[in-house]
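Subject: Structure handover

Hi,

Here is the structure for you to take over. Please open it beside this email and follow along.

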Amino acid sequence: MSLVLGHRGASAYAPDNTRAAFELAVKQGADGVETDIHLTKDGIPVIQHNYEIDRNSNGHGNVEEMTFEELRTLDFGSWKGEEFKGEKILSLDECLEIADRSMRLINLELKQAQKVDSLIVEKTIEAVKKHKMVDRVLLSSFDYHLLQKARSLCPEMLIGGLYDEAEVDQTDIYDILKDAPAYIAAQGFDFANPHINYLCEEGIVERFTQHGLGVAVWTVDKPYIAQLCAQRGVKCIITNKPDIISKAVREVCD
Ligand code: G3P
Ligand code: MG
(Lines give C-alpha, C1' and ligand atoms only; values in the text may rest on other atoms or scores of the structure.)
(Ligands and ions follow the chains in the order given, each with its own letter.)
Protein backbone atom coordinates (compact mmCIF):
# COMPACT_ATOMS: atom_id res chain seq x y z
CA MET A 1 0.00 0.00 0.00
CA SER A 2 1.40 3.39 -1.01
CA LEU A 3 1.21 6.29 1.41
CA VAL A 4 -0.08 9.62 0.10
CA LEU A 5 1.69 12.69 1.47
CA GLY A 6 0.51 16.25 0.93
CA HIS A 7 3.32 18.27 -0.68
CA ARG A 8 3.77 21.16 1.79
CA GLY A 9 0.30 20.10 2.96
CA ALA A 10 -2.70 20.37 0.66
CA SER A 11 -0.85 23.18 -1.08
CA ALA A 12 -3.10 23.35 -4.14
CA TYR A 13 -5.87 24.64 -1.89
CA ALA A 14 -4.27 26.28 1.17
CA PRO A 15 -1.11 28.34 1.79
CA ASP A 16 1.78 25.88 1.61
CA ASN A 17 3.50 24.73 4.78
CA THR A 18 0.91 26.19 7.15
CA ARG A 19 -1.28 24.60 9.78
CA ALA A 20 -4.28 25.11 7.45
CA ALA A 21 -2.52 23.19 4.64
CA PHE A 22 -1.49 20.33 6.95
CA GLU A 23 -4.90 19.93 8.56
CA LEU A 24 -6.62 20.04 5.18
CA ALA A 25 -4.28 17.37 3.78
CA VAL A 26 -5.26 15.01 6.59
CA LYS A 27 -8.95 15.86 6.18
CA GLN A 28 -8.66 15.08 2.47
CA GLY A 29 -7.32 11.60 3.21
CA ALA A 30 -3.53 12.02 3.14
CA ASP A 31 -1.47 9.70 5.35
CA GLY A 32 0.85 12.60 6.16
CA VAL A 33 2.70 15.51 4.59
CA GLU A 34 6.02 16.50 3.10
CA THR A 35 7.37 19.76 4.50
CA ASP A 36 10.46 21.97 4.37
CA ILE A 37 12.70 23.16 7.19
CA HIS A 38 14.95 26.19 7.55
CA LEU A 39 16.72 27.52 10.63
CA THR A 40 15.99 31.05 11.81
CA LYS A 41 18.75 33.47 12.78
CA ASP A 42 18.28 32.42 16.40
CA GLY A 43 18.52 28.71 15.54
CA ILE A 44 14.84 27.68 15.62
CA PRO A 45 13.81 25.13 12.96
CA VAL A 46 10.78 26.53 11.12
CA ILE A 47 8.48 25.35 8.35
CA GLN A 48 9.11 27.33 5.17
CA HIS A 49 9.97 26.46 1.59
CA ASN A 50 11.91 29.42 0.14
CA TYR A 51 14.86 31.21 1.73
CA GLU A 52 12.99 34.44 1.04
CA ILE A 53 9.68 35.04 2.74
CA ASP A 54 8.44 37.56 0.14
CA ARG A 55 6.40 35.07 -1.92
CA ASN A 56 4.26 33.72 0.88
CA SER A 57 4.09 36.36 3.61
CA ASN A 58 3.54 40.08 4.09
CA GLY A 59 7.21 40.48 5.08
CA HIS A 60 10.50 40.77 3.20
CA GLY A 61 13.87 39.13 3.55
CA ASN A 62 15.55 35.85 4.21
CA VAL A 63 14.25 33.42 6.82
CA GLU A 64 17.76 32.71 8.06
CA GLU A 65 18.40 36.38 8.76
CA MET A 66 15.29 36.86 10.90
CA THR A 67 14.51 35.71 14.41
CA PHE A 68 11.57 33.43 15.15
CA GLU A 69 9.88 36.28 17.01
CA GLU A 70 10.19 38.59 13.98
CA LEU A 71 8.83 35.93 11.62
CA ARG A 72 5.99 35.19 13.97
CA THR A 73 4.53 38.70 13.61
CA LEU A 74 3.95 38.12 9.87
CA ASP A 75 0.95 36.82 7.95
CA PHE A 76 1.73 33.69 5.91
CA GLY A 77 -1.84 33.09 4.75
CA SER A 78 -3.41 36.11 3.07
CA TRP A 79 -1.46 35.73 -0.20
CA LYS A 80 -3.48 32.58 -0.90
CA GLY A 81 -6.87 34.02 0.06
CA GLU A 82 -8.57 36.20 2.66
CA GLU A 83 -9.89 33.11 4.44
CA PHE A 84 -6.30 32.20 5.40
CA LYS A 85 -5.45 35.60 6.89
CA GLY A 86 -3.42 35.31 10.07
CA GLU A 87 -1.73 31.95 9.38
CA LYS A 88 1.56 32.10 11.26
CA ILE A 89 4.86 30.48 10.37
CA LEU A 90 5.09 27.21 12.31
CA SER A 91 8.06 26.02 14.32
CA LEU A 92 9.08 22.42 13.62
CA ASP A 93 7.93 21.69 17.14
CA GLU A 94 4.38 22.82 16.35
CA CYS A 95 4.40 20.95 13.07
CA LEU A 96 5.40 17.74 14.86
CA GLU A 97 2.55 18.22 17.34
CA ILE A 98 0.10 18.23 14.42
CA ALA A 99 1.82 15.25 12.82
CA ASP A 100 1.88 13.27 16.05
CA ARG A 101 -1.88 13.41 16.47
CA SER A 102 -2.92 12.98 12.83
CA MET A 103 -0.28 11.45 10.55
CA ARG A 104 1.20 8.04 9.87
CA LEU A 105 4.37 9.53 8.39
CA ILE A 106 5.89 12.96 7.95
CA ASN A 107 8.58 13.69 5.37
CA LEU A 108 10.86 16.43 6.67
CA GLU A 109 13.00 18.05 3.98
CA LEU A 110 16.12 19.86 5.16
CA LYS A 111 16.74 22.87 2.96
CA GLN A 112 20.35 23.73 2.18
CA ALA A 113 21.24 26.47 4.60
CA GLN A 114 23.10 29.27 2.89
CA LYS A 115 25.53 29.08 5.76
CA VAL A 116 27.14 25.66 5.37
CA ASP A 117 26.40 24.28 8.76
CA SER A 118 24.92 21.08 10.15
CA LEU A 119 23.07 22.76 13.03
CA ILE A 120 19.81 22.26 11.11
CA VAL A 121 20.36 18.49 11.32
CA GLU A 122 21.02 18.54 15.03
CA LYS A 123 18.04 20.75 15.81
CA THR A 124 15.70 18.69 13.63
CA ILE A 125 16.71 15.39 15.19
CA GLU A 126 16.40 16.90 18.66
CA ALA A 127 12.80 17.98 17.91
CA VAL A 128 11.85 14.60 16.39
CA LYS A 129 13.26 12.75 19.40
CA LYS A 130 11.46 15.09 21.80
CA HIS A 131 8.15 14.13 20.14
CA LYS A 132 9.14 10.43 20.09
CA MET A 133 8.50 10.34 16.35
CA VAL A 134 11.74 8.80 15.05
CA ASP A 135 9.78 5.85 13.62
CA ARG A 136 7.31 8.12 11.78
CA VAL A 137 9.76 10.44 10.02
CA LEU A 138 11.34 10.23 6.59
CA LEU A 139 14.16 12.78 6.52
CA SER A 140 15.19 13.99 3.07
CA SER A 141 17.38 16.59 1.40
CA PHE A 142 19.10 17.44 -1.86
CA ASP A 143 22.21 17.90 0.28
CA TYR A 144 23.60 14.43 0.97
CA HIS A 145 26.18 15.76 3.43
CA LEU A 146 23.36 16.85 5.72
CA LEU A 147 21.80 13.38 5.35
CA GLN A 148 25.09 11.64 6.20
CA LYS A 149 25.30 13.79 9.31
CA ALA A 150 21.73 12.78 10.21
CA ARG A 151 22.55 9.11 9.69
CA SER A 152 25.49 9.35 12.07
CA LEU A 153 23.42 11.15 14.73
CA CYS A 154 20.29 9.00 14.45
CA PRO A 155 20.93 5.75 12.52
CA GLU A 156 17.39 4.47 13.07
CA MET A 157 15.65 7.35 11.25
CA LEU A 158 14.62 6.74 7.63
CA ILE A 159 16.68 8.80 5.19
CA GLY A 160 15.74 9.66 1.60
CA GLY A 161 18.03 11.17 -1.04
CA LEU A 162 16.22 13.75 -3.19
CA TYR A 163 17.32 14.35 -6.74
CA ASP A 164 16.31 16.53 -9.65
CA GLU A 165 18.33 17.98 -12.49
CA ALA A 166 16.53 21.29 -12.01
CA GLU A 167 18.06 21.68 -8.54
CA VAL A 168 21.06 23.82 -9.45
CA ASP A 169 22.84 23.39 -6.12
CA GLN A 170 22.92 19.61 -6.29
CA THR A 171 26.60 19.10 -7.03
CA ASP A 172 26.46 15.31 -7.48
CA ILE A 173 23.47 15.28 -9.85
CA TYR A 174 25.43 13.89 -12.85
CA ASP A 175 26.77 11.00 -10.77
CA ILE A 176 23.28 10.32 -9.41
CA LEU A 177 21.64 10.32 -12.83
CA LYS A 178 24.15 7.83 -14.29
CA ASP A 179 22.75 5.11 -12.00
CA ALA A 180 20.48 6.48 -9.27
CA PRO A 181 19.67 3.12 -7.58
CA ALA A 182 23.35 2.21 -7.19
CA TYR A 183 24.45 5.73 -6.22
CA ILE A 184 21.79 6.25 -3.55
CA ALA A 185 22.17 2.74 -2.16
CA ALA A 186 25.92 3.35 -1.86
CA GLN A 187 25.16 6.38 0.35
CA GLY A 188 23.48 3.99 2.79
CA PHE A 189 20.09 5.70 2.51
CA ASP A 190 16.70 3.93 2.86
CA PHE A 191 14.76 5.86 0.21
CA ALA A 192 15.28 7.49 -3.15
CA ASN A 193 13.15 10.63 -3.59
CA PRO A 194 13.14 11.45 -7.32
CA HIS A 195 11.10 14.03 -9.18
CA ILE A 196 8.38 12.17 -11.12
CA ASN A 197 10.26 12.78 -14.40
CA TYR A 198 12.82 10.17 -13.35
CA LEU A 199 10.30 7.39 -12.84
CA CYS A 200 9.36 7.07 -16.53
CA GLU A 201 12.18 4.64 -17.24
CA GLU A 202 10.94 1.04 -17.57
CA GLY A 203 11.75 -1.08 -14.51
CA ILE A 204 13.23 1.78 -12.46
CA VAL A 205 11.11 1.19 -9.32
CA GLU A 206 12.08 -2.50 -9.38
CA ARG A 207 15.76 -1.53 -9.63
CA PHE A 208 15.45 0.68 -6.55
CA THR A 209 13.75 -2.19 -4.75
CA GLN A 210 16.54 -4.59 -5.74
CA HIS A 211 18.99 -2.14 -4.16
CA GLY A 212 16.93 -2.21 -0.94
CA LEU A 213 15.51 1.27 -1.44
CA GLY A 214 11.94 2.52 -1.08
CA VAL A 215 10.78 5.20 -3.49
CA ALA A 216 9.11 8.49 -2.46
CA VAL A 217 8.14 10.41 -5.60
CA TRP A 218 7.07 14.06 -6.05
CA THR A 219 4.99 15.85 -7.24
CA VAL A 220 2.14 13.71 -8.58
CA ASP A 221 -1.14 15.54 -9.14
CA LYS A 222 -2.61 13.37 -11.91
CA PRO A 223 -4.70 10.43 -10.63
CA TYR A 224 -3.67 7.98 -13.39
CA ILE A 225 0.04 8.66 -12.77
CA ALA A 226 -0.50 8.13 -9.02
CA GLN A 227 -2.22 4.81 -9.75
CA LEU A 228 0.66 3.72 -11.96
CA CYS A 229 3.14 4.62 -9.23
CA ALA A 230 1.11 2.68 -6.63
CA GLN A 231 0.87 -0.38 -8.89
CA ARG A 232 4.62 -0.29 -9.49
CA GLY A 233 5.33 -0.31 -5.74
CA VAL A 234 6.21 3.32 -5.02
CA LYS A 235 6.00 3.66 -1.22
CA CYS A 236 5.20 7.38 -0.88
CA ILE A 237 3.36 9.53 -3.40
CA ILE A 238 3.78 13.22 -2.68
CA THR A 239 1.04 15.46 -4.08
CA ASN A 240 -0.34 19.00 -3.94
CA LYS A 241 -3.85 17.53 -4.27
CA PRO A 242 -4.36 14.90 -1.56
CA ASP A 243 -8.12 14.75 -2.22
CA ILE A 244 -8.00 13.32 -5.74
CA ILE A 245 -4.75 11.41 -5.27
CA SER A 246 -5.81 9.60 -2.06
CA LYS A 247 -9.00 8.52 -3.78
CA ALA A 248 -7.13 7.31 -6.89
CA VAL A 249 -4.54 5.37 -4.86
CA ARG A 250 -7.21 3.71 -2.71
CA GLU A 251 -8.98 2.51 -5.86
CA VAL A 252 -5.95 0.46 -6.92
CA CYS A 253 -4.61 -0.50 -3.48
CA ASP A 254 -7.78 -1.64 -1.67
O1 G3P B 1 10.52 16.67 -1.14
C2 G3P B 1 10.03 16.78 -2.43
C3 G3P B 1 9.99 18.20 -2.93
O4 G3P B 1 9.39 19.01 -1.96
C5 G3P B 1 11.35 18.76 -3.25
O6 G3P B 1 11.29 19.99 -3.86
O7 G3P B 1 11.41 22.44 -3.95
O8 G3P B 1 9.22 21.37 -3.56
O9 G3P B 1 10.93 21.38 -1.77
P10 G3P B 1 10.68 21.33 -3.25
MG1 MG C 1 10.07 20.09 -0.26
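This is a predicted model: local features need pLDDT of at least 70, side-chain atom pairs count only at pLDDT 80 or more; totals for chains, interfaces and linings use all residues.

**Metal site**

Start at the magnesium ion (ligand 2). Its protein donors are Glu34 (OE), Asp36 (OD) and Glu109 (OE). Along the chain, the donors follow the spacing E-x1-D-x72-E. Asp36 belongs to strand β2 (residues 32-39), while Glu109 belongs to strand β4 (residues 105-110), so this pair ties together parts that are 73 residues apart in sequence. Asp36 and Glu109 are both buried.

**Ligand 1**

Which residues are around ligand 1? The list runs His7, Arg8, Glu34, Asp36, His49, Glu109, Lys111, Phe142, Leu162 and Trp218.

- Asp36: a polar side-chain atom lies 3.2 Å from an oxygen atom of the ligand.
- His49: an N or O atom of the side chain is 2.7 Å from a ligand oxygen atom.
- Glu109: a polar side-chain atom sits 2.8 Å from an oxygen atom of the ligand.

On its own, ligand 1 has 290 Å² of accessible area, and the protein covers 92% of that.

**Aromatic contacts**

The structure holds four aromatic pairs. One of them joins Tyr144 and Tyr183. This pair is tilted, with 6.5 Å centre to centre and 35 degrees between the planes. Tyr144 lies in helix α5 (residues 144-153) and Tyr183 in helix α7 (residues 180-186), so the contact ties together parts 39 residues apart in sequence. Buried or exposed? Tyr144 is buried, at a relative accessible area of 4%. Tyr183 is partly exposed, at 22%.

Tyr144 also pairs with Phe189. Their ring centres are 5.2 Å apart and the planes stand at 85 degrees, so this pair is edge-to-face. It links distant parts of the chain: Tyr144 is in helix α5, and Phe189 is in the loop between α7 and β7 (191-194), 45 residues apart. Both Tyr144 and Phe189 are buried. Taken together, Tyr144, Tyr183 and Phe189 form one aromatic cluster.

One more contact involves a ring. Arg55 lies over the face of Trp79, at 5.5 Å from the ring centre.

Best wishes

Conventions:
Residues are numbered from 1 along each chain as its sequence is written. Chains are lettered from A and ligands numbered from 1 in the order in which they are written. Side-chain values use heavy atoms; hydrogens and water are left out. Donors are N, O and S atoms within 2.8 Å of the metal (3.2 Å for Na, K and Ca); water is not among the atoms, so sites may look incomplete. Helices (H or I, at least four residues) and strands (E, at least two) are DSSP runs, numbered from the N terminus. Buried means under 20% relative accessible area, exposed over 50%, partly exposed in between (1.4 Å probe, protein chains only). Rings of Phe, Tyr and Trp (its six-membered ring) pair if their centres lie within 6.5 Å; planes under 30 degrees apart count as stacked, over 60 as edge-to-face and the rest as tilted. A charge sits over a ring if NZ of Lys or CZ of Arg is within 6 Å of the ring centre and within 35 degrees of the ring normal. A residue is near a molecule or strand if one of its heavy atoms lies within 4 Å of it. A polar contact is a pair of N or O atoms within 3.5 Å; within protein, one must be able to donate a hydrogen and the other to accept it, and residues adjacent in sequence count only if both atoms are side-chain atoms. Accessible areas come from the Shrake-Rupley method with a 1.4 Å probe; for residues, only the protein chains shown count as cover.
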